[in-house]
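Here is a short report for a reader new to this structure. Look at the sequence and the model first, then read on.

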Amino acid sequence: NNKSSSNNNNNKQHLLLPALAGSETQNLGENRWRVRLAMSKLDGEPLDAYLQRCQDRCLPPISNWSSLKAHFLAGGLFAGTLLGQLCPAFEKISAVAFHRDVNAHNILVDGAQSMTTTPLNHTPLRFGLVDFGLAVEASCWQKEDDLPTPDSRPSRVGQDGAYTWHHLDVGGDCRYWPVSAWVQFLLGWTELEDHPPWRFEYRTQLDLHSLGLTVLQALAETLPPAPLDRESLLEVKNRSSGDAMVDNLFREVVSLRVSWDRYWDTVLPWHTRLMDTFHGAGDWDVLKTSCLEADLQSSVGRRLNDLREILRRIVSASQKLAERDHSLKDIPPIFSALLLLVSAGQEMDPASEGPAKWREVMLTLMGQGAGELPSSAYTQQTKGPSDGSTAHACRNNGRPGNSNSDCSGGNSNNSNSSNSHSGNHAGQNGSHRGRVGNSGAVIDAVAAWNLSNAGSAASTASTPTLGVEGLTTMKMGGPLGNLLNPTRST
C-alpha cells in the first residue's frame with residue numbers, strides 16, 4: 001500500500017498555474033452579473049510563510065565565509081529553481097496578459113519544509129503562481145488610447161470605460177513596485193510620459209521587476225542576519241581569510257543582506273500606511289502628500305540602484321572564484337538573471353519586453369546569454385490558446401487600493417481619490433497550505449494552457465501542465481539540476 005501510494009504521488013502532475021475547471025455566468029438584472037469560477041487548488045504554501053520560518057530560525061549573525069557559504073548556496077539553488085520553473089510560465093503568460101500582483105504571497109512553494117533545517121537538502125522544489133485577480137489583457141493595457149477596436153477584450157475596465165495603463169489602477173503589493181509604479185500612484189501618467197524609461201518600465205516590466213524582487217527577497221532572507229550595529233558590520237566585512245577572492249565575495253554577500261534589509265525597511269512603513277488607508281483608517285490625499293514630501297520615489301530608486309550594483313559585483317566576484325570552486329558555478333547566471341529582472345527605472349530597450357525579455361532571462365539563467373532557446377528546453381510542447389482567447393482576468397491578507405491603487409485583499413470598491421477611477425479588489429484566500437485561483441481571475445488563456453487536450457475540464461488528473469523540466473540542465477548540473485528536475489510525469 002505504501003509503495004502504491006508513493007507511485008501515485010510521483011505520477012501526480014504538478015500545476016504551475018490554476019486550471020479552470022468550469023464557469024457560470026448569471027444575469028442578476030440590468031448591468032448586474034455574477035460570474036462563478038471553479039478552479040484547481042495548487043499544492044504548497046505561500047512563499048512568504050516559508051521565508052518567515054527562515055527568519056524565525058534566529059540564526060546567529062553572519063561571522064565568516066565558512067558559516068555563510070552553505071546558506072548562500074542554498075539560497076542560490078532556491079532562487080535558480082524558482083526562476084527556472086516560473087520564467088517559462090511568464091514567457092507564455094506575457095504574450096496575452098500582465099499578472100500585476102507578483103509577490104511572495106502569490107507564489108506557492110511545495111517541498112521546502114525541510115530546507116529550513118537542512119539548507120542543501122535535495123527535496124524537489126515545486127513552485128506555483130496564483131491570484132490573477134488584478135491581471136490585465138496585454139494589448140489593451142499597452143494601448144495609447146481608450147478607443148475600442150474590434151479585437152479589444154479588456155479584462156479590467158475602469159471608470160468611463162478606461163482600460164489602458166494611463167488610467168487603470170496601480171495594482172499589487174507596493175513593496176514589490178518599481179519606481180514607475182510609485183510615480184504613477186503619486187503623480188499620474190503624465191509624469192511617466194515625461195520620463196520615457198519610467199513609461200517603458202510601467203507599461204512592460206511590472207511582472208519582471210516584481211518577480212525579480214521576490215526572488216531577491218528569497219535569496220536575502222534565507223541568509224543569516226547581518227550585524228545590526230555599524231561597528232560590528234564593518235569588523236565582519238573587513239575580516240580576512242587570507243584569500244582575497246573569497247573575502248571579496250564574502251563582503252558582497254554581506255552587503256546584499258544589508259542592502260535588502262535597507263530596501264525593505266524603506267518600503268515597509270509605507271505599505272503599512274497604504275493598508276491602513278485602504279481599510280479606512282487614513283486619507284489618500286494625506287498619504288500621497290506624505291510620500292511626496294518624503295521624496296519616496298527617489299528613495300526607492302536609490303535603494304534599487306544599490307541592490308543592482310551589488311548584484312553586478314556578486315556576478316563578478318563569483319565568476320572569478322567559481323573558476324576554482326565549482327560549487328559556485330551556478331551563482332553567476334542566477335545573479336545575472338536577477339539583473340535583467342530588477343529594474344531601477346533608468347533603462348529601456350523596446351526590443352526586450354514581453355516574451356522576448358522572459359526568453360532572455362531564461363537564456364541567461366542557463367548561462368547562454370542572448371541567442372535562440374534550444375527546442376529541447378521543454379520536455380513537452382506547450383500550447384497557447386488556439387482560438388485567439390486571452391486572459392481575463394503580500395504578505396498580508398489585504399491590500400491597499402483606491403482609484404490609483406488596486407490591490408487584492410478586500411471585497412470592496414473605493415472611489416476616494418483625486419483621479420476618480422474606482423478600484424476593484426479581489427478576495428484573498430489566506431495563508432493556508434494550498435490555494436485556489438482568485439475568484440475574479442483567469443477566464444480563458446492562462447487556464448487553457450493547463451487544460452489543452454484535457455479529456456475533461458473538471459479532471460485535473462489528466463491535465464497537461466506547462467512543461468519546464470530540463471530548462472537549466474543543459475548548462476546547470478549538480479544540486480541545482482537535481483532541484484530543477486524533480487521526478488514527476490510532466
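## Ser255 and its contacts

Ser255 is in contact with Lys237 and Ile310, leaving aside its neighbours within four places in sequence. Contact means heavy atoms within 4.5 Å. Ser255 is found in helix H10, residues 244-278. Helices (H or I, at least four residues) and strands (E, at least two) are DSSP runs, numbered from the N terminus.

Ser255 counts as buried, at 9% relative accessibility. Buried means under 20% relative accessible area, exposed over 50%, and partly exposed in between (1.4 Å probe, protein chains only).

## Model and confidence

This is a predicted model: local features need pLDDT of at least 70, side-chain atom pairs count only at pLDDT 80 or more, and totals for chains, interfaces and linings use all residues. Residues are numbered from 1 along each chain as its sequence is written, and side-chain values use heavy atoms, with hydrogens and water left out.

The pLDDT is the predictor's confidence in each residue, from 0 to 100. The protein chain averages 74. At least 70 is reached by 66% of the residues. Over residues 407-490 the pLDDT is below 50. That stretch has 285 contacts in the model beyond near neighbours in sequence. Residues 116-121 also stay under 50. For them the model has 14 contacts beyond four places in sequence.

## The hairpin

Strand E1 (residues 20-29) and strand E2 (residues 32-39) run antiparallel, joined by 8 bridges. Two strands pair if DSSP finds at least two bridges between them. E1 and E2 form a hairpin with 2 residues between them. Asn31 sits in the turn and has a positive phi of about 60°.

## The open sheet

An open sheet is formed by 3 strands, in the order E4-E6-E7, with antiparallel pairing. Strand E4 (45-46) and strand E7 (126-129) are the edge strands, each pairing on one side only.

Strand E6 (residues 107-110) is joined to E7 by 4 bridges. The bridge partner of Leu108 is Gly128 in E7.

## Cysteines

How many disulfides does a search of the whole structure find? The search finds 0. A disulfide is taken here as a pair of cysteine sulfur atoms within 2.5 Å. Cys291 is in no disulfide. Its nearest cysteine sulfur, that of Cys174, is 8.4 Å away.

Cys291 counts as buried, at 1% relative accessibility. Cys140 is buried too, with a relative accessible area of 3%.
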